[in-house]
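Keep the viewer open and follow along.

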Amino acid sequence: MIRSSDRDIRWLPGFNWITLCFFLFLYLPLIILVIFSFNATRSATVWEGFSLQWYAKAFSNDDIQSAAKNSLIIAAVSTLFSTVFATMAAIALGRNREIKHKTAFGGLLLLPLMIPEIVTAVATLTFFTAINLSWGIGNIIIAHTVFCIPFAYLPIQARLRGLDASLETAARDLYSDRKTTLRLITLPLLAPGIFSGAMLAFIISLDDFIITMMVAEAGSTTLPIYIYGLVRTGVTPEVNAVSTVLLGISVIAVLMSQWFAKKQ
Amino acid sequence: MSDLLERLRHYIGVLPATFMIVVFMLAPLTIIFVYSFLTPGDYGGVKFEFSTEAYTQLLFQKNLFDEVEFDTSYLTIAFRSIWVATVAVLGSLALGFPAAYYIAQQPESRRNTLLLLITIPFWTNLLIRTYCWILVLRDTGLINNLLIGLGLTDEPITMLYTEGAIALGLVYTYVPFMVLPIYAALERLDKRLIEASRDLYANRWTTLRHVTLPLASPGIVAGAILVFIPALGAFIAPDLLGGGKKLMLGSLVQLQFSAARDWPFGSALTMVIMSVVLICLLLFAVNQRRNEGGFQH
Amino acid sequence: MQDAITINGLTKSYPGTPPVRALKGSDLSIRDNEFFTLLGPSGCGKTTLLRLIAGFEVPTDGTLKLFGENISKLPPEKRPVNTVFQHYSLFPHMNVLENVAYGLLRQGKPDARRTAQEMLDLVHLGEFAKRRPSQLSGGQQQRVALARALAPHPRVLLLDEPLSALDLKLRQSMRAELKRLQRETGITFVFVTHDQEEALSMSDRIAVMSQGEIQQVAKPAEIYEYPATRFVAEFIGDANFFEATPRASGDSAATYHVSDSIRFAGPAMPAKANGGKVTVMFRPEKARIVPGRADGGLGGTISDIEYLGNQTEYRVTLDDGLSVAVRSENRQDGSALADVGSRATVEVDPEAIRVLVA
């Protein structure tokens, strides 16, 4: 991190060390969690040998299994819906010249990002109670779909902006109607953005805790809710194992998302 | 009529997403607004009787003799929330600005790697990230073990379940929101301005004060707002690192909709949070506009 | 023979306050099998006209006919017209062959693969069929774009500044290549450019455009030698202009007075002029420079000399203060005919004088 020679004119003493501390601060807690999930004893402070026993315990735990199943179903379905909706909206706003008030629509799509999660959570709970909606994990899926739309929308929109509109014009020139152009040109070229958005929507749903906690009815426990229950009652090594797995999924998803977003 | 249908056809694409957000986000917020003026139901929910009780409750309590008295308990929570959120903003700035500054002057490939490293934790589970700090901060945690092991202290220092722990957790959670806008502002900054300042007899630090900081201020303001908004309504950090003892607005709201079953009061608190958020967003918009009109050409 | 493209009163306005009129009611006929160029500075409406012919824009007013059939309302995919885009717009997710076959496949033509391969061979890129566009050089991408637009054998090929992104050498070889393709395929080419040299060297006919209006339609030599308006004369090549009053006007000749000491003998006054003020113009290379004083010419002092390689340009300040540019071949040893500050006389033949009304 330090270069003594070839110093930039903007270089300020000490800033490199603060940056180093900053990254340690970001990653040290995560690293500790991962390391101690492999610890041979219950201790989360003293290393006493490598072991996979906590993973084995976690994977054979029925409650964790059913929570994981719920989490995956919810994440998959809300990713599907939010990505489809976000793609449609991005193409309409990016390519249809007949639509008015585009900034208003764009702002509305980003609204879930601007409101604190706890507000969204209680508002959604209140609404579901008011209209008497009780579809079990269906409720959670609806709430997640809404919350995931902006996360799916942003990478898709970015991709579409970088896409030369004259490619679509060229396709029209070469005897493709609107639908064929969408199918053969726009969607294939947009695909990396769509995958990138879908990955983000997936981890946002998978990791969500507050909204799920407020909206969830008895019997629709997700992994974060299960973890929260364990953490509240005290630190157990299984939590470290489950958390590490969840962490791994998120990191893989965000790396894939980045990779797709940069794809030519 | 067919003309109208023809025009509506263009909007089919934006319709599903708009529908979801209007029905499941805007409508619920409206309901919260309405509920804040109603009377609590006996077992949660509301009775449809108009009342401003929820709002007066914020500042006044009825005592045993049914007299209305000024009461500071909720005000204390509100001020604690604002105080802790402010500390989180300052902490993020102290850590985030040098990091953003350092990253902005790196070669492009390294810059992108470092930015990715900042965003990765942001995308991981908030609950788990906060939980990690319990492992570090608790009495038998990493820091205390280290301190005792080095003989610096005999008794473990209480760090968990303090306001400091909450602020630390908030900094940890939201510091990327501070770094990214500052980085964006610094990356745009013309290096020749720094050279001009140095050429005109300013040293590194006076240049930072008189050139870099003013030019980065839109990014700093944006970062401060982006950290402040979620910190104010945070639930996980106060709950896990504050142990639920040091109540903050987020936990208080959550409490009203679960254990306390006072939905109108919870709604009124939500409206308080929303008004602070709106003010912040307004400031943000003003900041953006000034930024566009000013430093960028 | 029927014209390939006929436009009548074609107008395109974009909404705004005030509305932007990109094309102001133009009339134009483009003949079958001709290499036709739309020439003008940026914003003159040439690209708008091209996009209207392609069907990417809908005209505000007027008609557009393709071989006698009104196509004003047809979407682009229904028009037997193809475009070579300025930045090629090759589909990045398809290989070269798929790009070239794209139009053929959409038209449902049999043998799309074979025809596409033939087109690639025609532009000498047969062995690059399986490459991605991004793996080709700029010049190669250019030729793929050409092959892709030619493959469906359109009745008219539109080219939107296709050479502007290439470097000089490549641009020159592509000119010859385009001419060859036009001859071999017999397709009408409509070529848009802002480069006068390109337009003059390649076209059968040129339409010079300015501010949404067509200024002149003519063969390249006629455009250069007999510009219809001052804009055309200024945009193509260099010229000396003088405000003048016609005197002694006859059927075949007239004298034009610029000032008391400067007068030009020239052709008869155009009927449009109506005896009012006109603009007299001649090209710098049509005049001669004679060192020292001479009878019958315009006397002055050489104020600047610019060496251009094959020629030298002399700027002469005439005795009453007006300035004239004259270009002349250099001597065999490359030395100039006169020096800065020396006296010189500028001679212009009456045949070199053009009289412009607009």
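## Strand β3 of chain C and its neighbours

In this predicted model, L39(C) stands opposite V208(C), a residue of β9(C). The two strands involved are β3(C) and β9(C), the latter spanning residues 205–210, and they pair in the parallel sense over four bridges. Strand β3(C) also pairs with β8(C), residues 188–193, again in the parallel sense, this time over five bridges.

## The annotated region of chain C

The unreviewed UniProt entry carries the annotation "domain: ABC transporter" for residues 5–236 of chain C. Over that span the chain is 35% helix and 27% strand. The end C-alpha atoms of the span are 25 Å apart.

## Who touches whom

Two pairs of chains are in contact, and chains A and B share the most contacts. Chains B and C are joined by no contact, and their closest C-alpha atoms lie 17 Å apart.

Where chain C meets chain A, 18 residues of chain C are in contact with 16 residues of chain A. On the chain C side, the elements that give two or more residues are β6 (81–84) and α2 (96–106). The largest share, three residues, comes from α2(C). By class, this side of chain C has eight nonpolar, eight polar and two charged residues.

For chain A, the unreviewed UniProt entry places the feature "transmembrane region" at residues 12–38, 72–93, 105–131, 137–156, 182–204, 210–229 and 241–261. Two of these spans are worth a look side by side. Residues 72–93 of chain A are 100% helix and 0% strand, with end C-alpha atoms 31 Å apart. Residues 210–229 of chain A are 65% helix and 0% strand, and there the end C-alpha atoms are 13 Å apart.

The domain assignment of chain A gives domain 1 (15–53) and domain 2 (54–262). Their C-alpha centres lie 29 Å apart. Across the boundary, 10 residues of domain 1 of chain A are in contact with 11 residues of domain 2 of chain A. On the domain 1 side, helix α1 of chain A (residues 15–37) gives the most, with five residues. The residues on that side of domain 1 of chain A divide into six nonpolar, three polar and one charged.

## Chain B: overall form

Chain B has 13 helices and four strands. How does its radius of gyration stand against that of a compact globule of 297 residues? The globule would have a value near 19 Å, but chain B has 24 Å. Along the principal axes, the C-alpha atoms of chain B fill a box of roughly 80 × 70 × 35 Å. Of its 297 residues, 42% count as buried. Among the contacts in chain B with a separation of 6 or more, residues 24 or more positions apart account for 66%.

The domain assignment of chain B gives domain 1 (1–35) and domain 2 (72–293). Taken over C-alpha atoms, the centres of these two domains of chain B are separated by 34 Å.

## A closer look at T56 of chain B

T56(B) lies in helix α3 of chain B, which covers residues 53–59. Why does T56(B) count as partly exposed? A residue is buried at 20 or more C-beta neighbours within 10 Å and exposed at 12 or fewer. T56(B) has 14 C-beta neighbours inside 10 Å, so T56(B) counts as partly exposed. F33(B) is 23 residues from T56(B) along the chain, and 15 Å separate the C-alpha atoms of the two.

Notes
Residues are numbered from 1 along each chain as its sequence is written. Chains are lettered from A and ligands numbered from 1 in the order in which they are written. This is a predicted model: local features need pLDDT of at least 70, side-chain atom pairs count only at pLDDT 80 or more; totals for chains, interfaces and linings use all residues. The radius of gyration is taken over C-alpha atoms; the globule rule is 2.2 Å times the number of residues to the power 0.38. Two residues are in contact if their C-beta atoms, placed from the backbone, lie within 7 Å. Domain bounds come from an automatic or database domain assignment. UniProt positions are given in the numbering used here, feature names are shortened, and annotations may be inferred rather than shown by experiment. Ala, Val, Leu, Ile, Met, Phe, Trp, Tyr, Cys and Pro count as nonpolar, Asp, Glu, Lys and Arg as charged, and the others, Gly among them, as polar. Two strands pair if DSSP finds at least two bridges between them.
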